[in-house]
Structures are given as structure tokens and as C-alpha cells.
Amino acid sequence: MSKEEQRATMAAKVAAAQAILEAEIVKLHSGEDWLNYLDFAAKLHAYSPNNAQLITLQHAKAFEEGRVEDPSPGFVAGFNTWRALGRQVEKGQRGYAILAPVRYTQRSVANRDGVVRVLRPGEAPDPGETEQTQQVLGGFKVEYVFSQSQTTGVALPEPPMPKLLEGEAPSGLGEAVMTLVTERGFTVETAASLTELKGANGVTDFMARSVRIREDMDDAAMVKTMIHEAAHVLLHETAPGSLLDRPRQEVEAESVAFIVAAAHGMSSGDYSFPYVAAWAGPDPAKVIAQTQARVSQAAKVILGASPAPHTTGGKVPGIELALARAGSERNVDLSRLEQTDIGPIGETDVAASQ
């Protein structure tokens, strides 16, 4: 196959994956649909919203067809990563297509006046120019991952998860979220009751740069409210005139709180969302896609700051240590392993000879 044919084939695969995503986004009509989306987003928070959706859709199809026994994809990794971890993809299993970014290094220079220009390949800076490089997104390609239930072999370690009592929050989560808020120049205060906050559990005031939380709630409710308000701080302090409408702000903040709480094993039964059409407006596909990306970004910031045990978001627990050990014991070139858990195999079927 020529390079032109390879590029055309890859472009067709990317277009097919994007078409699936667009069709699924349009289906997110109701609050219940959005809640279901957030449920798998919480389980696969280590992946982008698009790839979490693609993995979930393809795994659901595999479950319906009887190719996997577990209805949830669980841990997900590329073909070579599973092999390095001592597990083999079963014969006949099909990989789940995901969209992997293709980046290239762009060289540019700035002169003494701050004027920037991009260098051509092989071009050297002129005297007085300072060179800098940055990674630029050049597009996407389709790669393949497999769920744990499609593999057999060495048992995987179980990630620690807190065993929470009713009304209890994971130790350290609330403090970590509060630190994220205060580091951004906001004070955190408590209010005596619902009445004091005019019917709200929490309030973020961007003018006063303050967050207030009801203190007459149990620990879990206070922490989930703190996460909600932290999402406002992370997402909704924008330039004058560009502030999102209130319904969408609340959906984004509540969605972030759902993902973070679910990843920590906290009960999420009290979350509710309005009918999606009410906040998505006349272009729901575009708005929902933007919201998915913003919610995912904020949730990852909070999860990254949390010292409390929480789910790995689909990543195999302890994968870095396991890969390093596997590389050392088996003389595996780690640079060839998919460190971001995306598979390089280029075909969706595992050869029967393997």
C-alpha cells in the first residue's frame, strides 16, 4: 500500500470515528441521557471525552454480541502494553478504535522587537533571533485499545478505594479542593444554613472572590458542594461579556462534581440535570461537545490534586511501575510501548496465529 493510500485509509477511519461521535452527541437529549454519559466519563476519566465515549460504545456492542463477559470496559490498554503486563489479547477479539492526536514540532524565532516567525525545515535563525519550539496538533489518527475482559494472563493489582460510610467523604479530598480554590485567590467561608445562602448549598461570588458553603450538611454533601463551587472557579471566571449562561454554568459545575465524586466512590444518587435541550440551544451538538471537553478538563484538575484513593479512570493501576519492571525483565524497549495506552497495531482484529 502506498503512502497516499495509507493516508486515505487513515482519513476514512478518522472520519468514521468522528461520525459515530457526532451521532451519539445528538442523542444526548435529556438529563437522564447526560447522567448516563457522565457515568462512563467517571469510569474512563483518564481518557478524553471523545475516546471515553468511543470505548464505551464499542465495548457495549462487544457485550451485546457476547464477545466480552463484563458490561463495563474496566481497565483499557493497547496491545503491546497488555503484553508487557503479562496478559495476552484473546484470539478473535476486536480492538476499540480511538482517536490519537498527531503532533509535530514547530520551530519559530522571535527577534529583539518580539516579532515571531515560523522557520522552514532546515532553516537557521538570523542573527539576533531567539529560537523556540512547540508541539503543534497536526490532526488525528485511529489507534486501538482493548479492555481487560478481552485479555487473559497475569492478575492485575486492585487499586485502593475508600470504604465510605453514609455521609462520609474521602479523607483529604475536601482540603485538596479548598486549596485549589484558595490558590486562585478566593476565600472559602461557611454559612450557617440554607436560608443564609438563599436556598443554595454553596455560592461562588466572583466580584468578592469568595466561596461560601453551608455548614449544616454532612461531610459528603459539603465536599460535593465544594467540588461544584471549585468547578465554577476553574471554568467560569471569564472576560466581561463572554460569561456562559447560568443554566450551562450549573450543568458544567454539577457534571464536574458528579465525575469527581463517582471516581472517589461517593454516592451520586442526588445529582440531577435539566433537559439538555434547555441549555444546549439551537446547536446542541456543538454546545454539548464543548461542555464535555470543559467538564473533562476541570474534573482532571481536581482528580489530579486529590490525595484520596480514587479510580484510575480506565488506566491499568500501577502501569508505569509494571511497564518499567516488564521492560527490565524482558529486555523490552519501553520507547516502543504505548505510554499513553494507545495501541500501534493498526488492525482491529487480533491475528488467529497469536
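Strand β8 (residues 202-205) has a covered face with G202 and T204, and an uncovered face with V203 and D205. Helices (H or I, at least four residues) and strands (E, at least two) are DSSP runs, numbered from the N terminus. In a regular strand the side chains alternate between the two faces of the sheet.

The model is predicted: local features need pLDDT of at least 70 and side-chain atom pairs count only at pLDDT 80 or more, while totals for chains, interfaces and linings use all residues. Residues are numbered from 1 along each chain as its sequence is written, and side-chain values use heavy atoms, with hydrogens and water left out.

**Sheet**

Strand β8 runs antiparallel to β9 (residues 210-214), and 4 bridges join them; two strands pair if DSSP finds at least two bridges between them. T204 is opposite V211 of β9. The β8-β9 hairpin has 4 residues between its strands, and R209 there takes a positive phi near 50°.

The open sheet has 3 strands in the order β7-β9-β8, with mixed pairing. Because β7 (187-191) and β8 each have a single partner strand, they stand at the edges, and one side of each is left without a neighbour in the sheet. From one strand to the next the twist averages 20°. Helix α6 (residues 219-235) packs on the sheet and touches β7, β8 and β9; its direction makes about 160° with that of β9. Contact means heavy atoms within 4.5 Å; axes are lines fitted to C-alpha atoms, for helices over the stretch in contact, and angles run from 0 to 180 degrees between N-to-C directions.

**Aromatic pairs**

The whole structure holds 6 aromatic pairs. Rings of Phe, Tyr and Trp (its six-membered ring) pair if their centres lie within 6.5 Å; planes under 30 degrees apart are stacked, over 60 edge-to-face, and the rest tilted. Two of these pairs are tabulated.

| Pair | Centre to centre | Plane angle |
|---|---|---|
| W34 and W279 | 5.5 Å | 75° |
| Y37 and F40 | 5.0 Å | 90° |

W34 lies in helix α2 (residues 31-43) and W279 in helix α8 (residues 276-280), so their pair ties together parts 245 residues apart in sequence. Y37 and F40, 3 residues apart in α2, are separated by about one helical turn. W34, Y37, F40 and W279 form one aromatic cluster. W34 and W279 are buried (under 20% relative accessible area; exposed is over 50%, partly exposed in between; 1.4 Å probe, protein chains only). Y37, at 4% relative accessibility, is buried, and F40 is buried at 15%.

**Confidence**

The chain averages a pLDDT of 83, pLDDT being the predictor's confidence in each residue, from 0 to 100.
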